[in-house]
Amino acid sequence: MSVENALNLLGVSESASFDDILRAKNSIVASIKDNQEAIAQVEAAYDMLLMRSLTQRRAGKVVDRSIRFADVKPVNPLGVRSMPQWVQTTTKNLPVSVETPSTGDLGLQAGVYGALMVLTYVNETSTSSAIPYAGPDVVGLILASSFGASLYFMTRRNLKLGKATLITIGGLVAGAVVGSAVENWLQVDIVPFLGIHSPATVVGEIILFSQFLVSLYLR
């Protein structure tokens, strides 16, 4: 199998990162799990692209450094080396891991959650105007949307729905706790902050940011 055929089979470009290639392989295998011959072809294409990266590395060319080869010693993530031993041990034993997202995932999720946060702020300013917004609980709808978005982003990276749900609920609770603390400090119902006078909006914004972080980094 040629490199070009492997790229076409996996549906990725020449410049695709290791995460993109792995995600494409897992997605295709999941969709054809009953076709062993097709799975073998997908695995062969994946192996071909890995071998190409290994060849490029040995030749001194720049390749995706997230790929792990047997002849390369894994490098600790940024900051892990300076952590105390007990922190490293605790983190290692946790059922949830922290992973660095790809640039594509970061941009997509930042766009989605950024739009939800802006919508929350716009809704707040509109209800603060002379003509109140007489609609449903927009903040509640936005938070429900963020919950669904969090589940979608995590499950599309092959995380099981049950674990994704627990992580999302944890992010929601953490955001609510931090948001309540921030709101108690700001007291926007007494002294409005940046046009915000509703405590629910402050808490909602913090929850959205928390959902963005947990769906982006936790696995």
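Colleague: What makes the charged end of Lys25 count as sitting over the ring of Tyr46?

Modeller: The charged end of Lys25 lies 4.4 Å from the centre of the Tyr46 ring, and the rule asks for NZ of Lys or CZ of Arg within 6 Å of the ring centre and within 35 degrees of the ring normal. The model is predicted: local features need pLDDT of at least 70 and side-chain atom pairs pLDDT 80 or more, whereas totals for chains, interfaces and linings use all residues. Residues are numbered from 1 along each chain as its sequence is written, and side-chain values use heavy atoms, with hydrogens and water left out.

Colleague: Why is the contact of Asp20 with Arg23 called a salt bridge?

Modeller: The closest N and O atoms of Asp20 and Arg23 are 3.2 Å apart; a salt bridge requires a side-chain nitrogen of Lys or Arg within 4 Å of a carboxyl oxygen of Asp or Glu, so the pair qualifies. Both residues lie in helix α2 (residues 18–31), three residues apart, about one turn of the helix. Helices here are DSSP runs (H or I, at least four residues), numbered from the N terminus. The structure holds five salt bridges.

Colleague: Which partner does Arg23 have in helix α5?

Modeller: Arg23 also forms a salt bridge with Asp105, the closest N and O atoms being 3.1 Å apart. Asp105 lies in helix α5 and Arg23 in helix α2, so this pair ties together parts that are 82 residues apart in sequence.

Colleague: Are Asp20 and Asp105 buried or partly exposed?

Modeller: Buried means under 20% relative accessible area, exposed over 50%, and partly exposed in between (1.4 Å probe, protein chains only). Asp105, at 5%, therefore counts as buried, while Asp20, at 31%, is partly exposed.

Colleague: What joins Asp105 to Arg157?

Modeller: A salt bridge of 3.4 Å, N to O, joins their side chains. The pair links distant parts of the chain, with Asp105 in helix α5 and Arg157 in the loop between α6 and α7 (161–186), 52 residues apart. Arg157 is buried, as is Asp105. Through shared partners, salt bridges connect Asp20, Arg23, Asp105, Arg156 and Arg157 in one network.

Colleague: How many aromatic pairs are there, and why is the pair of Tyr113 and Phe153 called tilted?

Modeller: The count is four. The ring centres of Tyr113 and Phe153 are 6.3 Å apart and their planes stand at 45°, so the pair is tilted. Rings of Phe, Tyr and Trp (its six-membered ring) pair if their centres lie within 6.5 Å, with planes under 30 degrees apart stacked, over 60 edge-to-face and the rest tilted. Tyr113 belongs to helix α5 and Phe153 to helix α6 (residues 138–155), 40 residues apart, and both are buried. Ring pairs gather Tyr113, Tyr152, Phe153, Phe209 and Phe212 into a cluster.

Colleague: How do you know that the buried residues of α1 line one face of the helix?

Modeller: In helix α1 (residues 3–10), the buried residues are Ala6, Leu7 and Leu10. Down the axis of α1, these fall within an arc of 100°, so they line one face; the arc is that of the directions from the helix axis to the C-beta atoms. Glu4 and Asn8, on the other side of α1, are exposed. Gly11 follows α1, with a positive phi near 70°.

Methods. Helix = DSSP H or I, 4+ residues; strand = E, 2+ residues; numbered from the N terminus.
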